[in-house]
Amino acid sequence: MMLKQSLRFRFALLTFLATGLLIGLVLFAYAALSYRLFLSDYEQEIENRMEIAAFSLEAMIKKTDYMGMVNQANSLLVTKGVVGVRILDVNRHPLFQKGSTQGFFLRQPITHKREQIGVIQVTFTNGPIKEKVQSLYLLGLLIAGIGVPFAALLIWFISGRQLQDIVALSGEIHQLGNLDSENIELTGMERRDEIGHLARSLAERNDAIRESKKQEQLLYHAINQSHDSVVITNAAGTIEYVNPAFSRITGYARREAIGRNPRILQSGKHPRKFYEVMWETLTRGETWKGLIINKRKNGEEYQEEATITPVIDRF
């Protein structure tokens, strides 16, 4: 149960963080795109108003109609976000100016018979655009604030159902390799997803382990019941196993032999060259066979036909 709760919590937390990060990135990208779109539309609206004003200002500049210029400037200033209007002559000398010149600006030429006679410059801020973007962003945050916990809660419930089989499998793993667990039925084997694949793989692994253990037991009994002496040493020559026949022939009990070197059996009847040839053969990975005169624990000498085979790790 603790495993299940821990995994569910991790899944839910991961979903919460991943969903939150994804929504945050989407909102950021959406806000940036919205800002550009709103700015483009806003500039287009101002340019349309400037074109209309430029058409009227054509005659006013010719007549030096100051009041008319004021009215046209005021018609532009009522546009939300516009903070300043300048009307310039062809030499860029101000004919009329009202409001601020700090901010973004657009210019519209004033022409008469295809000849430029002046310029309208409108200064504006991005305040209205920011307000729209912020409103959309806050709406997105509100949706995310509801959606992210909901997604995490949904994953919590879904993962609870999915993890039931995983938790059950974790409790059944200890059965693997048991010689009594033939054709084991593990939870989730009937499923067609990853959990089912895992369960079936574990069942196949169980069969392989059982077969391997059977072979090990068969080999153990064969060696243990052999009438010939069998000794197994490690690479350093330290005895790790002796069968009952060894104890019967040499007089050394199993506990006396394990951990010692086979030199305890040497009788001194063989020259040094005899053992050098034996070890050279074994270090080449070859099997040595020959007649050895050994000595029992009680000092009695005996002869035996010995076969010594090096065990090589192939993995």
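A: Let us begin with a hairpin: β1 and β2 form one, with four residues between them, and R92 in the turn has a positive phi of about 65 degrees. This is a predicted model, in which local features need pLDDT of at least 70, side-chain atom pairs count only at pLDDT 80 or more, and totals for chains, interfaces and linings use all residues. Residues are numbered from 1 along each chain as its sequence is written, and side-chain values use heavy atoms, with hydrogens and water left out.

Q: In which sense do strand β1 and strand β2 pair?

A: Strands of a sheet pair through backbone hydrogen bonds, either parallel or antiparallel. Strands (E, at least two residues) and helices (H or I, at least four) are DSSP runs, numbered from the N terminus; two strands pair if DSSP finds at least two bridges between them. Here β1 (residues 82–89) and β2 (residues 94–99) pair in the antiparallel sense over five bridges. R86 has Q97 in β2 as its bridge partner, and I87 stands opposite F96 in β2.

Q: In what order do the four strands form the open sheet?

A: The order is β2-β1-β4-β3, with antiparallel pairing. The edge strands, β2 and β3 (104–112), each pair on one side only.

Q: Which residues of α2 are buried?

A: Buried means under 20% relative accessible area, with exposed over 50% and partly exposed in between (1.4 Å probe, protein chains only). In helix α2 (residues 66–77), the buried residues are G68, M69, V70, Q72, A73 and L76.

How values were computed
The expected span of a helix is 1.5 Å times one less than its number of residues.
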